[in-house]
Every structure is written in C-alpha cells, then in structure tokens.
Amino acid sequence: MTLSGHQVTWARSVADAAERLVGGNPDLLLLDLRLPDGSGLDLLRAMRNRGDRRPVIILTARDQISDRIAGLNAGADDYLVKPFDLAELAARTRAVARRSFGEQAVVCDNGAVSLDFAGRVAQRHGAAVALTAREWALLELLARRPGTVVPREHIEETIGPMAVDSSGNALEVYVSRIRRKLGHAVIETLRGVGYRLRP
C-alpha cells in the first residue's frame, strides 16, 4: 500500500511488528500503544535497547502529559494524540524523516542530478523531474546506503510487489524508468548482485 508517497506495511500486534522489524527494513514506524498482545512501548523499548535508532512516531488516544513523557522517554521521536488530521500526520512524518535522514539533498551523476527526499523534489540539470511514489521509494532505499550495493532481494522485500507485467522483471522496469528520467549513470547495476546509487 502507498500513502502520501510512502510505501506502507501494516502490523497488527507487537509480535507481528517485531517479526517485520527483523525480516524487513522499514525506515520509520507509526506505533500504536494499545495492541492486542501488549504495549507498543514494550516494542519501542526493545528496539532502543538493541540499538535500533529508526524513527518512531507514537499514535495513541492517551492524552495525559505523563503518557507523552513516558513515550518520549522510551525513545519516541514524536507523539500524536488521536483523533488527528491525516495532513498533520503526513507533515510530522516528513519532519521526523528529515531529521533522521538529514536535510541535505543527495547529488548524483557528478552533480547533474539532485534528489531532495524531504521535499520529494528531483532535478536534472536544474530542471524538475516528476517521479512516481514507487520510484522515490527505490531511490530513497538506495540513497540510505551510499556507495553500498543493495541486493535485489532486499529491494523487493522492502519496497514490496512491483508487478508491471508478466515478465518477472518489474525491478528492472523501474530502474529503466528512473534512468530514462534522470540519466543512465544514476543507478549502477551489479549483475546478479543488486543496485547502488552512483554519486
């Protein structure tokens, strides 16, 4: 599922979320405190205790100051009380991601391409380029691991299904689309291994 340009994966319990954190690689968590099998705070504390610094925004109906303090002390990056406006949630998500990822745009292809992930603005030779939500997701995944080859299996598991035809080459199709828009040199292919963003 894609919402506001983000690829979204749902977990409906503490156990399910813990499994997804190990098996997948979400960049940011929206965490409810009241889950069927326990408290979201327990999951957050476990994350922080093992050194997992991924940003977390708590979403809860608990509006007491003591609850907010407990959430922030447990390691949350932000705290939003229900009911809330989805536009505010989207804005807070961008702000937390910006602080986590850094506000500097990523520059590729010897300065020809600029990618501002916080503002979702891409430019090539100074001209704006329109990218789809899935293209942004792929580029951001590669940009978070500068100079590192990201295995195709990890890309497919993280971003989710990318079926565009029956050829089974959906990832290659998206890479090709990005190259058409931003230039062939932006993404480097290592045959049989994966892809990396070329500075």
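The model is predicted: local features need pLDDT of at least 70, side-chain atom pairs count only at pLDDT 80 or more, and totals for chains, interfaces and linings use all residues. Residues are numbered from 1 along each chain as its sequence is written, and side-chain values use heavy atoms, with hydrogens and water left out.

**Nonpolar cores**

- A nonpolar core is a set of buried Ala, Val, Leu, Ile, Met, Phe, Trp, Tyr and Cys residues joined through side-chain atoms within 4.5 Å; buried means under 20% relative accessible area (1.4 Å probe, protein chains only).
- The largest such core holds 27 residues, and Leu115, Leu138, Leu139, Ile155, Leu182, Ile187 and Leu197 have the most contacts inside it.
- Two or more residues of this core come from each of β9 (113–116), α5 (133–143), α6 (152–159), α7 (170–182) and β14 (194–197).
- Helices (H or I, at least four residues) and strands (E, at least two) are DSSP runs, numbered from the N terminus.
- The largest share of this core, 7 residues, is from α5.
- A second, separate core has 17 residues, including Leu35, Leu44, Val56 and Val81.
- Not counting residues up to four places away in sequence, Leu138 touches (heavy atoms within 4.5 Å) Ile155, Ile159, Leu171, Tyr174, Val175 and Ile178.

**Aromatic rings**

- Arg177 lies over the face of Tyr174, 5.2 Å from the ring centre; this requires CZ of Arg, or NZ of Lys, within 6 Å of the centre and within 35 degrees of the ring normal.

**Asn73**

- Asn73 is in helix α3 (residues 65–73).
- Asn73 has a relative accessible area of 64% and is therefore exposed (over 50%).
- The C-alpha atoms of Asn73 and Arg45 are separated by 9.4 Å, and the two residues are 28 residues apart along the chain.
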